[in-house]
Amino acid sequence: MSTPSPSRRVYLDYNSTTPLHPEALEAMLPYLGESFGNPSSAHAAGRKARAGIERARESVAALLGASPQEIFFCSGGTEADNMAIKGAAWNRPQDGNWRIVTSAVEHSAVLKTAAHLSNNGYRLHVAKADEFGVVDVADVAAAVDDRTAVISVMHSNNEVGTIQPVREIAEIAWSRGVLLHTDAVQSAGKVPLDAYELGVDALSISAHKLYGPKGVGALYLRRGVKLHPLLTGGGHERGVRAGTENVPGIIGFGKACEIAAKKMADEAARLSALRDELQRRILAAVPSARLNGHPEKRLPNTLNMRLAPGAAEAVMIRLDLANVAVSAGSACASGAIEPSHVLTALGLSSEEASGSLRFSLGMENTAQDVDYVVETLQKILKGTGTAII
Ligand SMILES: *Cc1c(COP(=O)(O)O)cnc(C)c1O
């Protein structure tokens, strides 16, 4: 393989995290410096921080079609998911009678939380998904009864990008009077979201997936919905989430939401065109490649393909050496890559799952990036002998 041009770096892992938008950074800087007040303090420094948080709350709410009183800041997507699922479960007795209903394609923040509850006094039903990664609505409907504490089904999948029938699931939830949560971390800023239209009671988002800083997120809670709090302490976030707010993080999150609201439609069109071109050219270069996930009901920036049976990790490492960042399944804490539970839920064998790569596009990607990635990928696949060309 020829030496890559050292100047070209192609980041195609925006579903893992995004760079901080320069305007979000700029908005944060005063709050890391002179505007350091505690938002719970009544003096001028405190009031300044409080005003910043409340402006950010309006920006986050606007992105979700919600009202600011329905937005509760926390440390990110994982915490928001835990707040909703544990908070709803703990509203009910831990007597083995109450059930959690979720799906096989959820992020670990949901699946492991549900599994934890199932070991601690709750029953669990994990609904299946079809070959495209769409959650089986009938399976959800059959599992929900009047002893269901919460249904949690994601808005879009982080690995394959499939967009889920959340509104249909909401209709099931309403008919049974069950609380519905959706993890919309991957959707926020990429596709329009309207919490009222979706009909959910709770919805999680995370700043660092939409060009905001890491370590901050929010839970939308429909007016009137009460959760048992995870954290107790001072009455921050109106008693829903105790702890002094991450002021600079929240300010950056608010700015990122404002930018996303303005740019979303154009950026979705631009990225889906680039993504479709990448998909078309990979399929042309590697005829044995197959798309994972839904071909249409999919996030505009996400492409997941099986293209190197059993060898995605090796290909990912070679792409990294050529300055291309992609994802080959989720790395666990040890750094080892396990076959993805999402891909196996779609019916892929472990050989197919560990032969799949995710390309997730974003702000900095261009048509030249697509050229470079396809060219580099072809060289790598020829070199490793994994492609049938
Ligand atoms: C990234 C992600 C999370 C976790 O969010 P953090 O802010 O990193 O804790 C949860 N759900 C989905 C779908 C994600 O993509």
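Serine 204 stands opposite leucine 219 in strand S8, where strands are DSSP runs (E) of at least two residues and helices are DSSP runs (H or I) of at least four, both numbered from the N terminus. The model is predicted, so local features need pLDDT of at least 70 and side-chain atom pairs count only at pLDDT 80 or more, while totals for chains, interfaces and linings use all residues. Residues are numbered from 1 along each chain as its sequence is written, and side-chain values use heavy atoms, with hydrogens and water left out.

Strand S7 (residues 202–206) and S8 pair in the antiparallel sense over 5 bridges; two strands are taken to pair if DSSP finds at least two bridges between them. S8 (residues 217–221) also runs antiparallel to S2, to which 4 bridges join it. Within S8, leucine 219 is the bridge partner of phenylalanine 72. Strands of a sheet pair through backbone hydrogen bonds, either parallel or antiparallel. In S8, 5 of 5 residues are buried, a term that means under 20% relative accessible area, with exposed meaning over 50% and partly exposed lying in between (1.4 Å probe, protein chains only). Both faces of the strand are covered, with Gly217, Leu219 and Leu221 buried on one side and Ala218 and Tyr220 on the other.

These strands belong to an open sheet of 7 strands with mixed pairing, in the order S2-S8-S7-S6-S5-S3-S4. Strand S2 (71–74) and strand S4 (123–127) each have a single partner strand and stand at the edges, so one side of each is left without a neighbour in the sheet. From one strand to the next, the twist averages 20°. Helix H4 (residues 108–118) packs on the sheet and touches strand S3 (99–103), S4, strand S5 (148–152) and strand S6 (179–183), contact being defined as heavy atoms within 4.5 Å. The direction of H4 makes about 155° with that of S3; axes are lines fitted to C-alpha atoms, for helices over the stretch in contact, and angles between N-to-C directions run from 0 to 180 degrees.

The structure holds 3 cavities of 30 Å³ or more. A cavity is a set of points, on a 1 Å grid over the protein atoms alone, where a 1.4 Å probe fits but cannot get out, and its lining residues have an atom within 4 Å of a point. The largest cavity has a volume of about 60 Å³, volume being the space filled by probe spheres set on the points, which are joined across faces, edges and corners. Residues that line the largest cavity include Glu159, Asn304, Gly329 and Arg358. Strand S12 (residues 356–360) provides the largest share of this lining, 3 residues. By class, the lining of the largest cavity has 3 nonpolar, 4 polar and 2 charged residues; Ala, Val, Leu, Ile, Met, Phe, Trp, Tyr, Cys and Pro count as nonpolar, Asp, Glu, Lys and Arg as charged, and the others, Gly among them, as polar.

Glycine 329 is found in the loop between strand S11 (324–325) and helix H10 (341–345) and, at 27% relative accessibility, counts as partly exposed. The C-alpha atoms of glycine 329 and leucine 357 are separated by 7.2 Å, although the two residues lie 28 residues apart along the chain.

The second largest cavity has a volume of about 40 Å³. Helix H12 (367–384) and helix H8 (247–285) each supply at least two residues of its lining, and H12 gives the most, with 4 residues.

Methods: On a 1 Å grid over the protein atoms alone, a cavity is a set of points where a 1.4 Å probe fits but cannot get out, and a pocket is an open set with protein on both sides within 12 Å along at least five of seven lines; lining residues have an atom within 4 Å of a point.
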